[in-house]
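Me: I would like to learn how to read a few features of a protein model, taking strands, rings and cores in turn. Could you go through them with me?

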Amino acid sequence: MTEVNTPSRPPGPGGWTRFVTARPRLSLLVALVLTALAVLAGSGVGDRLGGGGWEDPDAQSTYATSALEREFPDSQPNFLLLVDAGEASVDDPAVAAEARRLAERLAGEEGVAGVGSYWQSRSPALRAEDGHEALIAARITGEENEASKTLERIAPEFRGTHGPLDVRLGGIVSVRHDMQTTIQEDLLRAELIALPVTLVLLVMVFGSAIAALLPLGVGIVAILGTNAVLRGLTEFTDVSVFALNLTTALGLGLAIDYALFIVRRFREELADGADPLTAVGTTLRTAGRTVLFSSLTVAVSLAAMLLFPQYFLRSFAYAGIAVVVLAAAAALILLPAALLLLGHRVNSLDLRRALRRGTRRRPPGSEGRAWARLADLVMRRAPFFALATTAVLVLLGLPFLGVKFGTADDRQLPSTAESHVVQQHIRDGFPGSPGGGLEVLAEGRATQAQYTAYKQRITELPDVLRVEGPLVNGDAAYFTVLPDGEAVDEPAQRLVDEIRATDAPFDTSVTGTAAVLVDSKAAIAEQLPWAAAFIAVVTLILVFLLTGSVLIPLQAILLNALSLTAMFGAVVWVFQDGNLSGLLGFTSPGSIETTLPVLMFCVAFGLSMDYGVFLLSRIKEEYDRTGDHEEAIRHGLQRTGGLITAAAVILAVVMIAIGTSRVTNTKMLGLGIALAVLMDAMVVRSLLVPAVMRLTGKATWWSPPALRKLHTHIGITESPGNATPPAPEPQETPTPQHT
């Protein structure tokens, strides 16, 4: 709460300071025990996570899938054996005999149903056009994790050479299993890359090895705690394996951000002569409040994903909110306790001392002066910088106008992954889309003549290669419609709508890969305005509580959104259009998975607000102290420019490490967020925000009297003591700051 008060002496430790510093050793011991328990609770979490989650559980396609699984368990194969006869024909008697034996063995496996093959049905869709390959199709029953365990059990028995045949495994179950395994392997490699590089960068920022280790400790606590939370959530709901990547990225990134600001402020207070307890108290009242506020803004952006029905998106909300809360808690509870115990030893082990030998020391404050000069330049040429940076950001975002939405398939995997190889063979060499057709469920009593008439109407639709069926079970029947093209291209998606619009004397519902995509796009389009409104409204409220201004919250939202244009443009230009695919090592499917832009927006917007809060809080603090608008902008950029840039570079390193993944969606997420973070810190915070605030002048701080009065009672301030209103002469002595 903001009060008008002229303190007669420096404020003593507040209630929160007394709480976190009362028994620092006990606090750290309890944290150590809880972290050890989190390691045990979170062990094996990756094995319990799912590889899907892109479906809308309330969609027509989801209902049809469940009904078909119940009424016709053989209708939807999710496991394929690609049988290669080499130079022989698949119709060769020896090849056919061995293939039938394989199919019989597969049918006898527990957890496998609906085994069929080309040699049984003679369906041309199951025979390659060159005659040297054919398919055995089956359904592995059970939920995702159960199906994955079944696959692990039977795969060694069927993969490899069988007489004259060479067999490889494909299908949805194989793709998801390969994706899950690859993500876990890549995540371990990303952590091995990110941790040492981050430590080196932190040493470069702090100099002291002790100070550099503290942010890493906070990050490790946040990551291990979030893994335990995700493990607990798997007992109640589905969680995507992709959420592990966000846990590592945000766990390290945000923990380092928060710890950077707290440790830097603590060291500043020590340098100004404060004792450790007083330094911790001032740090918590200043940087601590900003960290708390920042964590709220990030959590709000991530919480918006809970509004979407797909558990893929909801999983990122679970992981993101948990890691933000734990990172903030560790930074605001454990870190102050550690700083109090360390005291002046936080500056120990200065590893930069050797590098400084023989070189002229940089004058104190030179980095801050450089940022101050940049602020002066931007404000002198404010119209130019505002227009130029806006034009560049808009230009970089133009490729997103050509975005095409698709679904995640085997092309997310490396080109050498077995399931990718199998699915590519099917796309290139088989007619239609085996395993990727549309299933039409018909419910209600009907005659054979009615089924035949309906089948004829479907056959006459554009882009239909062939209609098979119906297979009838009581009052239910189903047809299989093979599109004339790829399973999820634009014609296949149009075909879904056309089939659903076709008249029938019974109830119909359509499922299949294209139908799931159509329903997923519709669900996202329906919830997207609500999610955007939720983020906008809560962000407006939070930034108003921080600044007391009506205009600054609007500026924050618009400039944050503008900072993301480069990310979205790059995503389409690189990952959809395939530019740099050879350099980055991925196969472009020609589309962007439907949920990825939503995920990337929520994460990047939250991180952008994170840096925006750090900058605005220092500008607001100086404006409250002096009432000088331009000096406040200059001071804010001088005090936070270097720190925000350092934090952004470190977070970008973590995201780039995530972006080394062999799974395209994860690569897109990591590299895209890294680009957004760097653009936000180096372009938007350094150039666009100061320029726009200079153009709006003192009107930047305007608010109606009623809102001003409200802010006086419930607003948030970051000043060391009680805030004072803007005045020509400061009413209190500010705590000295250092860059």
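Me: Which residue in β3 is the bridge partner of Asp84?

Reply: As a general idea, strands of a sheet pair through backbone hydrogen bonds, either parallel or antiparallel. Here the bridge partner of Asp84 in β3 is Glu133, and six bridges join β1 (residues 79-84) to β3 (residues 133-140), the two running antiparallel. Helices (H or I, at least four residues) and strands (E, at least two) are DSSP runs numbered from the N terminus, and two strands pair if DSSP finds at least two bridges between them. Before going on, note that this is a predicted model, in which local features need pLDDT of at least 70 and side-chain atom pairs count only at pLDDT 80 or more, while totals for chains, interfaces and linings use all residues. Residues are numbered from 1 along each chain as its sequence is written, and side-chain values use heavy atoms, with hydrogens and water left out.

Me: What is the order of the strands in the open sheet of five, and which strands stand at its edges?

Reply: The order is β2-β3-β1-β5-β4, with antiparallel pairing. At the edges stand β2 (112-117) and β4 (160-162), each having a single partner strand, so one side of each is left without a neighbour in the sheet.

Me: How many aromatic pairs are counted, and why is the pair of Phe261 and Phe614 given its class?

Reply: A pair of aromatic rings is described by the distance of the centres and the angle of the planes. Rings of Phe, Tyr and Trp (its six-membered ring) pair if their centres lie within 6.5 Å, and planes under 30 degrees apart count as stacked, over 60 as edge-to-face and the rest as tilted. The count comes to 14 aromatic pairs. In one of them, the ring centres of Phe261 and Phe614 are 3.7 Å apart and the planes are at 10°, so the pair is stacked. Phe261 belongs to helix α9 (residues 243-271) and Phe614 to helix α22 (residues 596-626), so the pair ties together parts that are 353 residues apart in sequence.

Me: Are Phe384 and Phe385 buried or exposed?

Reply: Buried means under 20% relative accessible area, exposed over 50%, and partly exposed in between (1.4 Å probe, protein chains only). Phe384 is exposed, at 55%, whereas Phe385 is buried, at 14%. Their rings form an edge-to-face pair, 5.4 Å centre to centre with 75° between the planes.

Me: Which residues touch the most other members of the largest nonpolar core?

Reply: A nonpolar core is a set of buried Ala, Val, Leu, Ile, Met, Phe, Trp, Tyr and Cys residues joined through side-chain atoms within 4.5 Å. The largest has 156 residues, of which Phe242, Tyr258, Leu260, Leu339, Leu599 and Ile673 touch the most other members. Helix α11 (residues 311-342) gives the most to this core, with 18 residues.
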